[in-house]
Amino acid sequence: MIRFEQVYQTYRGKEDAVLKGIDLHIPQGQFCVLLGKSGMGKSTLMRCINGLVQPYAGQILIDGQPLRYE
């Protein structure tokens, strides 16, 4: 299970957030597809899930446990 709770992400030098208050729940065993235009935040969302980018605010839970960034 993957859960986003009010996730925000910005990049340095940019005032507008790339991700703005994302709430998302993907139950275990579900298949999910991200679709959208260039610059909409798809890659940023995936980088948050795999731990390459730490969200500015909010939290991401994997199997009910907060994702830890080291």
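Here are some friendly notes on the fold, the core and a few residues of this predicted model.

1. A word on the ground rules. Residues are numbered from 1 along each chain as its sequence is written, and side-chain values use heavy atoms, with hydrogens and water left out. Because this is a predicted model, local features need pLDDT of at least 70 and side-chain atom pairs count only at pLDDT 80 or more, while totals for chains, interfaces and linings use all residues.

2. Let's start with the fold. The protein chain has one helix and four strands, and from the N terminus on they run β-β-α-β-β. Its radius of gyration is 12 Å, close to the 11 Å that the globule rule gives for 70 residues, so the chain is as compact as a globular protein of that length. Helices (H or I, at least four residues) and strands (E, at least two) are DSSP runs, numbered from the N terminus. The radius of gyration is taken over C-alpha atoms, and the globule rule is 2.2 Å times the number of residues to the power 0.38.

3. Next, some overall figures. Along its principal axes the C-alpha trace of the protein chain spans about 35 × 30 × 20 Å. Of the 70 residues, 23% count as buried; buried means under 20% relative accessible area, exposed over 50%, and partly exposed in between (1.4 Å probe, protein chains only). Of the contacts with a separation of 6 or more, 46% come from residues 24 or more positions apart, where contact means heavy atoms within 4.5 Å.

4. Now for the core. The largest nonpolar core has eight residues in all: F4, V7, L19, L45, C48, I49, V53 and I60. β1 and α1 (42–49) each supply at least two residues of this core, and α1 gives the most, with three. A nonpolar core here is a set of buried Ala, Val, Leu, Ile, Met, Phe, Trp, Tyr and Cys residues joined through side-chain atoms within 4.5 Å. As background, nonpolar side chains tend to be buried together in soluble globular proteins.

5. Q9 deserves a look. Q9 sits in strand β1 (residues 2–9) and is buried, with a relative accessible area of 6%. Leaving aside neighbours within four places in sequence, Q9 is in contact with A17, V18, L19, T44, V53, Q54, P55 and Y56. Counted in the same way, the core residue V53 is in contact with Q9, Y11, R47, C48 and Y69.

6. Q54 lies in the loop between α1 and β3 and is exposed, at 52% relative accessible area. The C-alpha atoms of Q54 and Q9 are separated by 7.9 Å, although the two are 45 residues apart along the chain. Not counting residues up to four places away in sequence, Q54 touches Q9 and Y69.

7. Two backbone angles are worth checking on your screen. Most residues other than glycine have a negative phi. Q6, which is not a glycine, has a positive phi of about 50°; this residue is found in strand β1 and is partly exposed at 39% relative accessibility. D63, also not a glycine, has a positive phi of about 50°. D63 is found in the loop between β3 (57–62) and β4 (65–66) and counts as exposed at 53%.
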